[in-house]
Amino acid sequence: MLRFVVALASEARPIAGRYRMRAAAGGGPFRVFAAPGDDAWLIVSGMGKAAAAAATAYLHLLAGGAPGRVWLNVGIGGHCHGCEHCGHPFREGVDPAAAAVARAAGRYRSLAVGDAVLAHKITDRGSGISWYPQLVIDSPLPAAAVLTADQVEREYAPPWVYDMEASGFFPTACRFSTAELVHACKVISDSPAASVTALSVAAVEELIAGCLEPVERLAGELAGLARGLADLAADPPGYREALARWHFTASERRRLQRLLRRLAVLAPGSDGADGAGGADDPLGALAAGLNDRPPAAPAAGLPEAPEPPRASSLPALEPASGARPAARLLRALEARLEALPVRLRPAAAPAP
Amino acid sequence: MIYVEAEVLDHPRTLDICRRLPRAEVVTCARYGEVFNRRAQSFRLQKRRPALILARKYGRLVLPAPPGYGVGGGRNYYFSHMLNCPFDCRYCFLQGMFRSAHHVVFVNYDDFQREIAGLVAAPEDREAWFFSGYDCDSLALEPLTRFAASFVPFFAALPRAWLELRTKSVQVRSLLAIAPPPNVVVAWSFTPQEVQGVLERLTPPVERRLRAMARLAERGWRLGLRFDPLIYSEGWREQYGRLYEQVFRRLGVESLHSVSLGPFRLPEDYFHTLEKLYPDEPLFAGPLENRAGQVGYRSDLEAEMVDYCTRELLGHVPREIFFPCAVPCFKDPAE
C-alpha cells in the first residue's frame, strides 16, 4: 500500500531499514527497495523535480500499476529559522499573500533543524503553479507550505520550506492515486545559519531517522484509508467465477458486475435460505435454479426460491432453451433483485 | 484548514470567519478552483474532514431556478453563497456534482445583494422568488457565515421579492434575534426518522428540527415543509404516515407558507458518481431506473409514493399551499 519517493540514498536508508525493505529490480534507471509482501516500496529519484516525477511514474509501474496507493515524498528541506533570530528580511517575493497572512495572524511557524512538517501547499517556483495536498486524518506533523526550487536555495525567505522535488512528485503521484493519499513530508536540514553544503550523509540519515515515527504513523493511517477504498472497489462476490465460466460481452460484464454488487448490498451474507440467492454464492444458487425451468422472460422471470448456494457452485447452464447462459443469468439476477426488499442500514462514517 | 483566496484575505467577512476559527491553519490560494475543482479527489474521504474555502464569486451570481423548482412564484431564481454543506446526506446530488467535499463560502455578499436588487427592480408584474439553499444548506453554518443575519434584513427592504432559506439544521438563533419579514420563508427538509437516522449523517433528528420550527412559528416566521426527496425502503408507507403525524402534531397549518414534495431523482451521471462513491449503499441498489437521463424509482413505485404522500399531506394542509415537484429540479450541470 505504501510508495516512498526520496531524492537521496541517505534519505532512503532509514526508511528502508524501518520497513525491512531490500533492494529490488537491479539494473534499472533508479534504485528501488521493496518490503516482503509488496506492502511498501521505495525509490531513490535523485535531485530535482523532473527526476522525482520520472521516479514516481517508474515506481508505479514497477510495483504493479495498481491505483489508489499511499504515496509519500520524504526528504530534507531548507527553512529560515525565524527573522528575529537570523535577521533575514521578511521578503514578500514569491507568495506575498501567504507571508502576509502568516505574519498578520501570528501564525508564522518558526521551524528548527530536525523539525518535520507535512506540506499543505506545494508551489513550483518555476511555473508558479500550486497544489494542495488534502489532509483527512489527524496529522502527527505540523503543516507548512513547501516551495520547490530548481536550484539549491540560499536565501530561505519565509514562510516557505524549500525543497527540490515536491512539485514533480505530487502531481505525478496524483495521476495514480487520490490526492488525500499523496503527501510530502520535509525535515528541516538547512537554513541561513546552517548551509546545506555542510550537511554530511550521516547527518541526513540522522535527520530522516528522527522523523520516522510520525511518518510511519501517518503512513499507517493513510494505508488504512487506501485499503478501505480498495475494498469498496473490489469485484463483487461471484463476478470472477462467472467470467471464468461463461462468456459475457463487454456490456454484459458491466451489467453483471453492477447486478452482483447490488445483490451483495441488498442480501449481504445471505445463505440463500430466504430465497435471495445470497451474496456469498449468488450465481451458484441462481444457475442451479435456472437449469430446472425454461428461461425467464425479462419482466416476469422471477426464479422462485433458488436453492441455497453449494460449495461446488456454478453448475453448467443448459443451452438447450435458446438464450445464452450469460443472458439468462443476467435476467435471472435482475428478477431476483426486483424481489428483494430495500433495508436501509445505519449510515457508515464517510471513511471507507 | 481554511483556504483563502489571496484576493479576499483582507475582506471583513474573511477576517471575521478566521477570527471565529482561531486554531485553523490558513492557506492562501489564487482561486478556489485550485483546491475545489482539482481532479483526483475523493469526495468520500474528504467528508471525513472537510476544509473551509473562502472565495469571491464572479460571473452571474443569481441564476434562474431549474424548471419545477418553486412554490408558486412567477419568477424563480437561486443563488449560492456557499457550495456543499456540513451534513452528509447519502442521497444528496451535490456529491455527484462537485469533486470536493470542502465547503466554499463566497464572502462577497454585497455583490449578490446588488444583483438581486437589480432583478427585483426590473419592470415585471410577477413577484420574484430567490432560493438560497440549492447548492448548500442555508443555515447550517450560520454561526460562521452570518448569511441569514445579512440577507434577511436585506430582503425585508425588498417587498416585491421573496427569499427562501432551506435547511435541515437547527441554527435559528440569528433569526430569533430579528423581526420576521413577511417575504422570507424558512423551509425545512424532512425524511422519516427511520431514513434520517441512516441516510442523513450529522443532521439533527426530525424532532429537533420541529422544535426549531416551532420556536420560529411562535415568533411569527413563515415556514415551509419540503418532503423532497421521497425515499423508498421497506415500510415506507408507515414511515411517511408517522412522519406526517409527527410534523402536524407540532406545527399549526397557520404557520405554514408552503408544503412541497418531490420524488428521488438524480441526473444519470451524478447517480453513477454516487454509486461508485458508495457501492455499499442500499439506497442505490434499490428499484431504480433510468428515464431520459434521470435515475429515479421505477415509475409505478414513484407514482405510488407520490400519490400516497400527496393524499396524506392533503389530509393535513389545504391544497393552495401544496406544491408537488413532478419534474426533475436540476440545473444544467454546465452552469
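Biologist: Is the crossing of helix 2 of chain A and helix 5 of chain A left-handed or right-handed?

Modeller: This is a predicted model, where local features need pLDDT of at least 70, side-chain atom pairs count only at pLDDT 80 or more, and totals for chains, interfaces and linings use all residues. Residues are numbered from 1 along each chain as its sequence is written, and chains are lettered from A and ligands numbered from 1 in the order in which they are written. Helices (H or I, at least four residues) and strands (E, at least two) are DSSP runs, numbered from the N terminus. A crossing is left-handed if the near helix is turned anticlockwise from the far one by less than a right angle, and right-handed if clockwise; for helix 2 and helix 5 of chain A it is right-handed.

Biologist: At what angle do helix 2 and helix 5 of chain A pack?

Modeller: Axes are lines fitted to C-alpha atoms, for helices over the stretch in contact, and angles run from 0 to 180 degrees between N-to-C directions. Angles under 35 degrees count as roughly parallel, over 145 as roughly antiparallel, 65 to 115 as roughly perpendicular and the rest as oblique. Helix 2 and helix 5 of chain A are therefore roughly parallel. Their axes lie 6 Å apart, at an angle of about 30°.

Biologist: What is the bridge partner of B:Glu5 in strand 2 of chain B?

Modeller: Strand 1 (residues 2-5) and strand 2 of chain B pair in the parallel sense over 4 bridges. The bridge partner of B:Glu5 is B:Cys29.

Notes. Two strands pair if DSSP finds at least two bridges between them.
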